[in-house]
Amino acid sequence: MSNPSLLILPGDGIGPEVMAEVRKVITWFGDKRDLAFDVSEDLVGGAAYDAHGVPLHDDTMAKALEVDAVLLGAVGGPKYDDLDFSVKPERGLLRLRKEMDLYSNLRPAQCFDALADFSSLKKDIVAGLDIMIVRELTSGVYFGEPRGIFEEGNERVGINTQRYTESEIERAARSAFELAMRRNKKLCSMEKANVMESGILWREVVTRVGADYPEVELSHMYADNGAMQLVRAPKQFDVIVTDNLFGDILSDCAAMLTGSLGMLPSASLGAPMDNGRPKAMYEPVHGSAPDITGQGKANPIACILSFAMALRYSFDQGAEADRLEAAVEQVLADGVRTADLLGEEGVTPVSTGEMGDCIVAALDASL
Ligand code: NAD
Ligand code: IPM
Ligand code: MN
């Protein structure tokens with residue numbers, strides 16, 4: 001049988017830096033666990049624009065649709081800020097999500113014991129935190145029509161449209177209920193049904209889907225209150241399901257509960273392919289971090305943990321995913337820190353590459 005296939009799209013800024021560390025981990029699994037992948041690499045974002053004049057080449061899109069899973073670093077950066085909107089690096093990422101139909105974006109926020117002091121919140125509020133945000137990823141205001149900047153009288157108007165069909169809400173909700181069933185059976189749905197019709201429909205459909213999951217305790221919260229509750233008492237949540245834009249914002253917010261945006265992985269999942277695996281792309285929640293690019297300061301853990309999610313959700317390798325997560329936890333418990341995780345006196349940060357090496361050493365020690 002051929003090896004499972006992985007398409008790596010390092011992208012821009014710190015994307016290639018953190019992806020180099022994931023490469024070390026992938027190599028380790030091939031060498032030491034007989035878990036080899038057929039890895040190919042291609043361009044996305046600004047890197048693709050520089051080479052082809054578009055943020056995602058059609059050939060790359062076609063490859064992404066063929067492989068078992070895609071791993072993406074990050075896209076964007078100031079160099080591309082003035083490009084026409086249609087070719088901005090972010091459009092490449094959004095095209096991948098849309099054409100792969102990756103409607104369910106899993107963004108776990110877990111606070112490792114060793115980092116409980118690093119959150120901007122008090123330790124007892126975040127210690128032991130383990131929540132999962134399910135962000136709808138292929139619809140809502142990111143994709144709704146009409147959109148654009150138009151002339152209106154003697155001025156211009158910028159328009160985006162929040163639009164959700166019942167089936168779009170239903171499939172995202174279903175994936176969140178399924179996850180809740182495998183966790184603590186608590187689901188909180190967030191929208192703004194008090195001011196948005198799409199929110200009213202969202203609440204109605206999520207409630208209806210909930211009838212199929214009587215064991216799951218379902219609650220509803222306005223998303224603004226949800227943001228406040230996330231920083232007031234985040235441990236009240238188990239799984240949160242929300243739309244594309246609220247999910248983007250709430251997950252960055254949740255990231256800081258874990259100590260750093262450099263810690264948060266994600267899995268973007270679609271419908272099952274012929275082989276039964278979901279179409280999937282794995283990417284850290286953070287961006288290309290232009291302020292630290294090229295300095296060896298980037299934390300590769302979010303990207304490495306995204307590969308752990310690939311092992312779990314695309315390759316049925318839950319035990320190996322646990323092994324990788326445990327290796328990360330061990331390295332943090334040993335006091336190894338990249339610069340974004342500093343706070344303790346007298347700790348010298350390690351570089352991106354050193355963090356990757358330490359995680360590989362911890363994997364070796366796990367054998
Ligand atoms: P960002 O996530 O790139 O950076 C926000 C802050 O977090 C910065 O101070 C950065 O240094 C820090 N940071 C992020 N990741 C880190 C890591 N792994 N280790 C250490 N520190 C880290 O967000 P931004 O500055 O708002 O956006 C920069 C660019 O990235 C923009 O072009 C944006 O569109 C893009 N972006 C891309 C993605 C993606 O590719 N998925 C996600 C978010 C933003
Ligand atoms: C994210 C990013 C993206 C988003 C951008 C880069 C398109 O912020 O993945 O969280 O807004 O979804
Ligand atoms: Mn974001």
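Visitor: Where is Pro146?
Guide: Pro146 belongs to strand β6, residues 144-152. Helices (H or I, at least four residues) and strands (E, at least two) are DSSP runs, numbered from the N terminus. The peptide bond leading from Glu145 to Pro146 is cis, with omega near 0 degrees.

Visitor: What should I know about the model and its numbering?
Guide: This is a predicted model, in which local features need pLDDT of at least 70 and side-chain atom pairs count only at pLDDT 80 or more, while totals for chains, interfaces and linings use all residues. Residues are numbered from 1 along each chain as its sequence is written, and chains are lettered from A and ligands numbered from 1 in the order in which they are written.

Visitor: Next, the ligands. How many residues surround ligand 1?
Guide: The shell of ligand 1 holds 22 residues, and the closest are Gly76, Gly262, His286, Gly287 and Asn299. A residue counts as near a molecule if its C-beta atom, placed from the backbone, lies within 6 Å of it.

Visitor: How many of the shell residues are nonpolar, polar and charged?
Guide: Around ligand 1 there are 11 nonpolar, seven polar and four charged residues. Here Ala, Val, Leu, Ile, Met, Phe, Trp, Tyr, Cys and Pro count as nonpolar, Asp, Glu, Lys and Arg as charged, and the others, Gly among them, as polar.

Visitor: And which residues are around ligand 2?
Guide: They are Gly76, Glu90, Leu93, Leu94, Asp248, Val285 and Gly287. Three are nonpolar, two polar and two charged. Helix α4, residues 89-99, gives the most to this shell, with three residues.

Visitor: Where does UniProt place the feature "binding site"?
Guide: An unreviewed UniProt entry places one such feature at Asp224, Asp248 and Asp252. These residues are spread over 29 residues of sequence but cluster in space, with a largest C-alpha distance of 14.1 Å. UniProt positions follow the numbering used here, feature names are shortened, and annotations may be inferred rather than shown by experiment.

Visitor: Which residues does the other "binding site" feature name?
Guide: The unreviewed entry also gives this feature at Arg97, Arg107, Arg135 and Asp224. Those residues span 128 residues of sequence and are also spread in space, up to 25.9 Å between C-alpha atoms.

Visitor: Is Arg107 buried or exposed?
Guide: Arg107 is buried, because 23 other C-beta atoms lie within 10 Å. Arg107 sits in strand β4, residues 104-110. Leaving aside neighbours within four places in sequence, Arg107 is in contact (C-beta atoms, placed from the backbone, within 7 Å) with Ile133, Arg135, Ser251, Leu264, Ser266 and Val285.

Visitor: What about Asp224, which helix is that?
Guide: Asp224 lies in helix α8, residues 223-232. Asp224 is partly exposed, since 13 other C-beta atoms are within 10 Å.

Visitor: Last topic: the backbone. What is phi of Lys185?
Guide: Phi of Lys185 is near 60 degrees, a positive value in a residue other than glycine. Lys185 is in the loop between α6 (166-182) and β8 (186-191). Asp316, also not a glycine, has a positive phi of about 55 degrees, and Asp316 is found in the loop between α10 (301-313) and α11 (318-333).

Conventions:
A residue is buried if 20 or more other C-beta atoms lie within 10 Å of its own, exposed if 12 or fewer, and partly exposed in between; C-beta atoms are placed from the backbone. Two residues are in contact if their C-beta atoms, placed from the backbone, lie within 7 Å.
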